[in-house]
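Please keep the sequence and the structure in view while reading.

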Amino acid sequence: MKKLALLIFIFSITSTGFCQLKSRTFEEIDSLQQIQKRKIIVFIHTDWCQFCQRMKATTFKNHEIVEKLNSDFYFIDFNAEEKRDITFANHTFKYQPSGNNVGVHELALELGKINNQIAYPILCVLNDKNEIIFQYNNYMALKDFKALLENLEK
């Protein structure tokens, strides 16, 4: 009986502890969409943003959220200060320096500007044609993110 309980305990730890969010790249999206059409959720963040880091540590570690994102969406974890060129939707986007070791990526601006301003964290949802269908630039609590995912499936 002890062995069975130990086996169940180990299985429960591994099944919940190792559920990882699959983050895709912009370059992968076109070929993935040819295999299966899905909406794309882009999480645009920076390393210095406290609310971004909080969402990474809570919302994107939640087992239910991770399963839903992995099975029904393409998820892209995108640092707005990424310095490499990114080709997406037949366009090459570049890092735009704005000072000494400071700047923002053109793609972050393209997907994240709301009312001509950018504030982090940003959630941007694209349809299967890479068109923006939803933008939100603020911390989103777990229950609100779950509701967003449910609405996006409709």
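In the hairpin formed by β7 and β8, five residues lie between the strands, and among them Asn130 adopts a positive phi near 65°. Strands here are DSSP runs of E with at least two residues, helices are runs of H or I with at least four, and both are numbered from the N terminus. The model is a predicted one, in which local features need pLDDT of at least 70 and side-chain atom pairs count only at pLDDT 80 or more, while totals for chains, interfaces and linings use all residues. Residue numbers start from 1 along each chain as its sequence is written, and side-chain values use heavy atoms, with hydrogens and water left out.

How much of β7 is covered? Five of the five residues in this strand, which spans 122-126, are buried, meaning that their relative accessible area is under 20%, where exposed is over 50% and partly exposed lies in between (1.4 Å probe, protein chains only). Ile122, Cys124 and Leu126 point to one side of β7, Leu123 and Val125 point to the other, and all are buried. Cys124 is counted as buried because its relative accessibility is 0%.

Another part of the chain contains the one disulfide of the structure, a disulfide being a pair of cysteine sulfur atoms within 2.5 Å. The link joins Cys49 to Cys52, with the sulfur atoms 2.5 Å apart. An angle of 85° about the S-S bond makes the link of Cys49 and Cys52 right-handed. Both Cys49 and Cys52 are buried.

Asn79 belongs to strand β2 (residues 73-79). This residue counts as buried because its relative accessible area is 16%. A polar atom of the Asn79 side chain lies 2.9 Å from the backbone nitrogen of Glu81. Apart from residues up to four places away in sequence, Asn79 touches His45, Thr46 and Asp47, where contact means heavy atoms within 4.5 Å.

Setting aside neighbours within four places in sequence, Lys68 is in contact with Phe73, Leu149 and Glu153. The C-alpha atoms of Lys68 and Leu21 are 9.5 Å apart in space, although 47 residues separate them in sequence.

These details belong to a chain with six helices and eight strands. From the N terminus, its elements follow the order α-α-β-α-α-β-β-β-β-β-α-β-β-α. Of the 154 residues in the protein chain, 36% count as buried. Among contacts with a separation of 6 or more, 62% are made by residues 24 or more positions apart. The accessible surface comes to about 9600 Å², and carbon and sulfur atoms account for 52% of it; such areas come from the Shrake-Rupley method with a 1.4 Å probe, and for residues only the protein chains shown count as cover.

Note on methods
Two strands pair if DSSP finds at least two bridges between them. A polar contact is a pair of N or O atoms within 3.5 Å; within protein, one must be able to donate a hydrogen and the other to accept it, and residues adjacent in sequence count only if both atoms are side-chain atoms.
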